[in-house]
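Please keep the structure open as you read.

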Amino acid sequence: MSTDPAIDSELRQRPGLRIPRHLGVIMDGNGRWARARGKPRTEGHIAGVKALRRLVELCMRYGVDHLTVFSFSSENWTRPRDEVNFIFGLLRRFVASDLEKLMRNNVQVRIIGSRQGLDESLQRLIAEVEAKTAANTGLQLVVAFNYGGKAEITEAMRSIARDVAAGRIAPDAITEATVEQALYTSGIPDPDIIIRTSGERRFSNFLLWQSAYSELIFVEENWPDFDESTFVRVLEEYASRERRFGGIEAVT
């Protein structure tokens, strides 16, 4: 990772690139990556963690403020139990091995999703990493873990309904901002780009509310193969898009 401010400034100002404030990533294709190499799926998940480390470093180098990654869907519970346990173990090892580096690089970690179904030790680990990095002011790494977009919106509606029932808010006073404040991502800007790897072209229940005006970029590479050349290609594609947000003039 570059530590030279002049180099980092040059990266951000590179012609043909536009740096998003918030990047969302559906990290797909670990199993396909492993199968293509005759390896077990677990090897694909290990390679996927390495790709995540690369992306975190790239976001820091290029000046991305927020990175949200889809690491474990609430629908992934239907996978074989051994695989689910392995993924949970990877999260534990990622935190244990990378927390010091994240602290050193001023990265703030926020983990969004339901805590239901997670054992107490994992919940404590999540709380610990969030607390230890809470004061950091650099890249905000948002990990969507045991997350589902529909479940997030449903829980937000329940929270608002409780406020209405308690008389804290009138139904007519509910706005889009009210909903946004009740989401897991409260206080985080909506993603400018949603990337999905492995050639699939669907949201798979990821940031459904927040991605209303996100630029969607699909890449053929499986997630473990996502590297700087792919990252730069995404930024070049983003720079070629005109963002109008329903208007006529492009918004930069």
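## A loop, a sheet and a helix

Ser-204 sits in the loop that links β5 (193–196) and β6 (215–218); strands here are DSSP runs of E with at least two residues, helices are runs of H or I with at least four, and both are numbered from the N terminus. This is a predicted model, in which local features need pLDDT of at least 70, side-chain atom pairs count only at pLDDT 80 or more, and totals for chains, interfaces and linings use all residues. Residues are numbered from 1 along each chain as its sequence is written, and side-chain values use heavy atoms, with hydrogens and water left out.

Ser-204 is not a glycine, yet its phi is positive. Asn-146, in strand β4 (residues 140–147), is also a non-glycine residue with a positive phi. For the table, buried means under 20% relative accessible area, exposed over 50%, and partly exposed in between (1.4 Å probe, protein chains only).

| Residue | Phi | Relative accessibility |
|---|---|---|
| Asn-146 | about 55° | 4%, buried |
| Ser-204 | about 55° | 30%, partly exposed |

Now to the sheet. Six strands make up an open sheet with parallel pairing, in the order β3-β4-β2-β1-β5-β6; two strands pair if DSSP finds at least two bridges between them. At the edges stand β3 (108–112) and β6, each with a single partner strand, so one side of each has no neighbour in the sheet. On average, neighbouring strands of this sheet are turned by 20° against each other, direction ignored.

Strands β1 (residues 22–26) and β2 (residues 66–73) run parallel and are joined by five bridges. In this pair, His-22 stands opposite His-66 in β2. Helix α3 (residues 41–62) packs on the sheet and touches β1, β2 and β4, its direction making about 165° with that of β2. Contact means heavy atoms within 4.5 Å. Axes are lines fitted to C-alpha atoms, for helices over the stretch in contact, and angles run from 0 to 180 degrees between N-to-C directions.

Which residues of α6 are buried? They are Gly-149, Glu-152, Ala-156 and Ile-160. Seen down the axis of α6, these buried residues fall within an arc of 70°, so they line one face of the helix; the arc is that of the directions from the helix axis to the C-beta atoms. Their cover includes β4 and α7 (176–182). The face turned away from the buried side of α6 carries the exposed residues Lys-150 and Ala-165. Just after α6, Gly-167 has a positive phi of about 80°.
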